[in-house]
Amino acid sequence: MRIGILTGGGDCPGLNAVIRAVVRKGITEHGDEFVGFRDGWRGVLEADTVPLDLGAIRGILPRGGTVLGTSRTNPYGIEGGPDRVLANLERLGIEALVPIGGEDTLGVATKLAEAGVRVVGVPKTIDNDLDSTDYTFGFDTAVGIAMEAIDRLHTTGDSHHRTLVVEVMGRHAGWIALHAGMAGGANVVLIPERQFDVDAVVAHCQHRFDSGYSPIVVVSEGAAPKEGDLATSSGVKDAFGHVRLGGIGAALASVIEERTGREARAVVLGHVQRGGTPSAFDRVLATRFGLAAVDAVHDGQSGVMVALRGTDIVRVPLAAATAKLKLVPVERYAEVEVFFG
Ligand code: F6P
């Protein structure tokens, strides 16, 4: 079979492990031929391809990023985009497509499947907010990086008797903040799902100072206060309409400094969380997703996404997986709240 592969949206560690697994199993067990599309849906729109043979995937398992490149191109936001995609797939003889992406990339995949393209999606996002799968690869690596940063910030914060506010990724969902904050022993964790009370945050910081230590506040970039407008963004939007976030950490640090009378600094982890080599967990998950995706293609499946349920890799409808985001439930947040202050 001739199968197309693409990686779309924000990159994350483990993308190359998926590509390697799909191509390796496809060629050695099924005699498939692979076409890599450059930079997500842009490559399909512009028929910008790269051959993917066994030589092309050699040595890429531990490498961060994606050898195919990525973009946030949305064919459905471009006039005539879907028709160009369909025409290019036909012209290139693509019999099945394996898009690796999050809600946006797989949202496009869902529509293409409805239009008759054979599609098997692979879930990816460091935010871990894709529904229908327990975890996405990349998340574990990002949490590990954020946890290590928090560990380091505890000692320098305590030495200088100052608050350190750590801004982590998480546009709609606070999974990274929740897990890294719990693993790193943060004194406050703020997530997009729950608007926060600035007075309570300041009180937790004060309490921490009173106990002889310095507070660490972990805040998702998408978190916002109940009142007022602390959150900032550049106003720049991507092709899927998402605003570029950033600035909540600095804004919060300045309020905490003013209200506690002690210095507060913000640390923005940013793309450090997305770069570099994947953790062992993410390499294994990404590899298993890749193997399962190529199996699904050969089982004649379409409009499905491979997903992790417990320890099993299963197939779920793409439409269900992209219908809504997986947000942090109240009871999970309550677990980390025990450690506030
Ligand atoms: O969607 C994943 C994500 O990492 C979000 O947490 C974040 O808001 C966004 O990507 C940042 O994207 P970019 O690197 O394109 O600015």
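1. Basis. The model is predicted, so local features need pLDDT of at least 70 and side-chain atom pairs count only at pLDDT 80 or more, while totals for chains, interfaces and linings use all residues. Residues are numbered from 1 along each chain as its sequence is written, and side-chain values use heavy atoms, with hydrogens and water left out.

2. Largest pocket, volume. Its volume is about 710 Å³. A pocket here is an open set of points on a 1 Å grid over the protein atoms alone, where a 1.4 Å probe fits, with protein on both sides within 12 Å along at least five of seven lines. Volume is the space filled by probe spheres set on the points, which are joined across faces, edges and corners.

3. Largest pocket, lining. The lining has 36 residues; lining residues have an atom within 4 Å of a point. Nearest the centre lie Arg 72, Met 169, Arg 171, Glu 221 and Arg 274. Domain 1 (2-138 + 278-321) and domain 2 (139-274) each give at least three residues. The domain bounds come from an automatic or database assignment.

4. Second largest pocket. Its volume is about 170 Å³. The lining has 13 residues, with Phe 196, Asp 197, Ala 200, Tyr 333 and Glu 337 nearest the centre. Strand E7 (188-190), helix H7 (198-210) and helix H11 (330-337) each supply two or more. H7 gives the most, with 3 residues. Helices (H or I, at least four residues) and strands (E, at least two) are DSSP runs, numbered from the N terminus.
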